[in-house]
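Hi,

Here is the structure I promised to pass on. Have a look at it first, and then read my notes below.

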Amino acid sequence: MKARAKELGIPGIRVNSAGCLDRCEFGPVMVIYPEGIWYRAETREDIDEILQTHVIGHGRVHRLMLTEADLPPGKG
């Protein structure tokens with residue numbers, strides 16, 4: 001994601017690695033701040049769609065979003 005963001009020339013973006021963020025069971029996940037929107041990304045195409053739609057276009061990729069209902073048992 002960091003490399004793709006750089007390729008797209010997105011200004012003001014910071015891509016950090018982190019641990020599981022308490023949602024390991026969903027596979028690779030990310031949270032975009034300051035909005036606090038959570039996404040599950042399984043493919044490079046998913047990452048590109050999140051960058052294009054959310055970061056550049058200020059929209060949402062609803063099919064990849066994690067919601068309050070996606071909290072692991074005992075975490076809600």
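To start with something you can check by eye: is Lys-2 buried or exposed? Lys-2 counts as exposed, because its relative accessibility is 58% and anything over 50% goes into that class. You'll find Lys-2 in helix α1. Along the sequence, Lys-2 and Val-15 are 13 residues apart, yet in space their C-alpha atoms are 5.5 Å apart.

Before you go further, please keep in mind that this is a predicted model. The average pLDDT of the protein is 89, and 92% of the residues score at least 70. Where is confidence lowest and where is it highest? Strand β1, residues 29–32, has the lowest mean, at 93, while helix α2, residues 44–56, has the highest, at 97.

The largest pocket has a volume of about 780 Å³. There are 27 residues lining that pocket, and the closest to its centre are Arg-14, Val-15, Asn-16, Met-30 and Val-31. Which element gives the most to the lining? That is β1, with 4 residues. Both β1 and α2 supply at least two residues each. By type, the lining splits into 18 nonpolar, 6 polar and 3 charged residues.

Next, a few spots in the backbone. Which peptide bond is cis? The one from Tyr-33 to Pro-34, with omega near 15°. Pro-34 has its place in the loop between β1 and β2, the latter being 37–40. Pro-34 counts as exposed, because its relative accessibility comes out at 78%. If you set Pro-34 against Asp-48, the two are 14 residues apart in sequence and 19 Å apart in space, going from C-alpha to C-alpha.

Two other residues have a positive phi although neither is a glycine: Asp-22, at about 65°, and His-58, at about 60°. Asp-22 lies in the loop between α1 (2–8) and β1, whereas His-58 is found in the loop between α2 and β3 (65–66). How open are they to the outside? With a relative accessible area of 45%, Asp-22 is partly exposed, but His-58, at 66% relative accessibility, counts as exposed.

On to the side chains. What sits over the ring of Trp-38? It is the charged end of Arg-23, 3.9 Å from the centre of that ring. As for aromatic pairs, a search of the whole structure finds 0 of them.

Last, have a look at the segment after β3, where Ala-69 lies. Ala-69 counts as exposed because its relative accessibility is 70%. Ala-69 and Val-55 are 14 residues apart along the chain, and their C-alpha atoms are separated by 24 Å.

Cheers

Note on methods. Residues are numbered from 1 along each chain as its sequence is written. This is a predicted model: local features need pLDDT of at least 70, side-chain atom pairs count only at pLDDT 80 or more; totals for chains, interfaces and linings use all residues. Side-chain values use heavy atoms; hydrogens and water are left out. Rings of Phe, Tyr and Trp (its six-membered ring) pair if their centres lie within 6.5 Å; planes under 30 degrees apart count as stacked, over 60 as edge-to-face and the rest as tilted. A charge sits over a ring if NZ of Lys or CZ of Arg is within 6 Å of the ring centre and within 35 degrees of the ring normal. pLDDT is the predictor's confidence in each residue, from 0 to 100. On a 1 Å grid over the protein atoms alone, a cavity is a set of points where a 1.4 Å probe fits but cannot get out, and a pocket is an open set with protein on both sides within 12 Å along at least five of seven lines; lining residues have an atom within 4 Å of a point. Grid points are joined across faces, edges and corners, and a volume is the space filled by probe spheres set on the points. Ala, Val, Leu, Ile, Met, Phe, Trp, Tyr, Cys and Pro count as nonpolar, Asp, Glu, Lys and Arg as charged, and the others, Gly among them, as polar. Buried means under 20% relative accessible area, exposed over 50%, partly exposed in between (1.4 Å probe, protein chains only).
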